[in-house]
Amino acid sequence: MSTEFGFELQVCQWAEDHWPPGKSRDSPVVVARQLGTKRRRWDTVVIECDPEGLAARANFGSQRLDSDLLHVVRNAPAAWAWYREALPDPGYPWRYVRQAVHQAADRGLIERRRGDGGRIELRRKWPYPDWVERIVAVENKPDLDASAARNLAPQLERDVALGLADAVWVATGATGGAVEPVLLEDIPVESGVLTVERDSRGASAVEATWQPRALDPTEPGTRIVDRPEGGTFDASACQFEVAAPDWKASKRLEIAERAYERGWRSYADSMRPDCRHFVFDTTPAVARPACEAKDCHQTQRECAGSCPEFEPEPPAWRQRDWPLEGGPGRAIKRLLDRQRERQRPGE
Ligand code: SF4
């Protein structure tokens, strides 16, 4: 499990099976990777869900609802009404809202009809549920030495100051020492620490060696825009902005929606499972992609059409019967999609 990508998959698999660390699970979780805001992407995201809310979310399909669709779906009335009267002023031109109403209706999320004078009216099919309880961000650093900790610390400080997630963790490889070196590094005390037994599976493969401080996403957050290094030649001031609770609430829901759609197995969409050298290696910790040509666990970046070793699957492979119909590449994607669907209760 040498790469950060492999480590990340192990953390995702463990979180899906065993989150929260050291406790029994009392709410379902949705796990995703590489999600966040325009400015900050978290490695692993764990959405702790309200069980009934998550089941009700399934009514809206497995595709995410973006901010425009959420505006329509969350405010759609129980009785028919003209969309301009039913929905709150969006703060941007109504024509975009009208477009979103059509899109929501086309996806079967709401009902739509032409009312008096050709006005577009809408009515909800189901109330949009309150399905997100907590959002937990995990930064994966398999080898957290002093220099990696120095680079990571400012990112974690920003996460803590902004308080967009309910808790922030760092996951790092266990060393087996009496005191894990990560605890001696200079990372914010508000972030929790997970130590991961590499290449192991099961609840005990990951241990919470430091508990995080609970953050409060309902409070205004501080977005650190620029923080000078300081020192003799740099006396410039730190720049920051205030992140309003409303902004945080919308961003959290958008992140949760993206997590719901993508899960953590969507990596195959940006790799080349249709390459004849692409195989699935069921390591003890997690099943993960491997490359027979390079004899390694390839990263997402190197497993692309630009890879010099890339060779498409022979056409004959695509003639095979179940379970490989369409070729092994498609079979791998189908397998990952099926596993992803299983993590969405209620569908
Ligand atoms: S040869 Fe290249 S494209 Fe093919 S599986 Fe290996 S890394 Fe991926």
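**Notebook: helix H3 and beyond**

I began with the cover over the buried residues of H3, and I found that it includes H5 and strand S4 (110-114). Helices (H or I, at least four residues) and strands (E, at least two) are DSSP runs, numbered from the N terminus. I call a residue buried if 20 or more other C-beta atoms lie within 10 Å of its own, exposed if 12 or fewer, and partly exposed in between, with C-beta atoms placed from the backbone. Two residues are in contact if their C-beta atoms, placed from the backbone, lie within 7 Å.

I note that this is a predicted model, in which local features need pLDDT of at least 70 and side-chain atom pairs count only at pLDDT 80 or more, while totals for chains, interfaces and linings use all residues. Residues are numbered from 1 along each chain as its sequence is written.

**Entry 1: H3 and H5**

I listed the buried residues of H3, which are Leu69, His71, Val72 and Val73. I then looked up how helix H3 (residues 67-75) packs with helix H5 (residues 94-106): the angle is about 75° and the axes are 9 Å apart. Axes are lines fitted to C-alpha atoms, for helices over the stretch in contact, and angles run from 0 to 180 degrees between N-to-C directions. H3 and H5 are therefore roughly perpendicular to each other; angles of 65 to 115 degrees count as such, those under 35 as roughly parallel, those over 145 as roughly antiparallel and the rest as oblique.

On the H3 side the contact is made by Asp68, Leu69, His71, Val72 and Val73, and on the H5 side by Tyr96, Ala100, Val101, Gln103 and Ala104. I sorted the residues of this contact into seven nonpolar, two polar and one charged. In this scheme Ala, Val, Leu, Ile, Met, Phe, Trp, Tyr, Cys and Pro count as nonpolar, Asp, Glu, Lys and Arg as charged, and the others, Gly among them, as polar.

**Entry 2: the whole protein**

I recorded eight helices and 13 strands in the protein. The C-alpha atoms fill a box of roughly 70 × 65 × 45 Å, taken along the principal axes. Of the 347 residues, 34% are buried. Among contacts with a separation of 6 or more, 64% are between residues 24 or more positions apart.

The domain assignment gives domain 1 (4-50 + 131-253), domain 2 (64-124) and domain 3 (266-342); such bounds come from an automatic or database domain assignment. I found nine residues of domain 1 in contact with eight residues of domain 3. The side of domain 1 that touches domain 3 has three nonpolar, four polar and two charged residues.

**Entry 3: the ligand shell**

Which residues are closest to the ligand? I found that 13 residues surround the ligand, the closest being Cys275, Cys291, Cys303, Cys307 and Glu309. A residue is near a molecule or strand if its C-beta atom, placed from the backbone, lies within 6 Å of it. The shell divides into seven nonpolar, two polar and four charged residues.

**Entry 4: backbone details**

I looked up the peptide bond that joins Trp19 and Pro20 and found it to be cis, with omega about 5°. Pro20 lies in the loop between helix H1 (4-18) and strand S1 (29-36).

Gln34 is not a glycine, yet its phi is positive, at about 55°. Gln34 lies in strand S1 and counts as partly exposed because it has 16 C-beta neighbours inside 10 Å. Asp199, also a residue other than glycine, has a positive phi near 60°. The place of Asp199 is the loop between strand S8 (192-196) and strand S9 (206-210).

Is Val182 buried or exposed? Val182 counts as buried because it has 24 C-beta neighbours inside 10 Å. I located Val182 in the loop between strand S7 (167-173) and S8. Leaving aside neighbours within four places in sequence, Val182 is in contact with Leu144, Val170, Thr172 and Val193.

Val160 is found in helix H6 (residues 146-162) and, with 20 C-beta neighbours inside 10 Å, counts as buried. Val160 and Thr222 are 62 residues apart in sequence and 8.8 Å apart in space, C-alpha to C-alpha.

Not counting residues up to four places away in sequence, Gln300 touches Phe5, Tyr267, Ser270 and Met271. The C-alpha atoms of Gln300 and Met271 are separated by 5.9 Å, although these residues are 29 apart along the chain.
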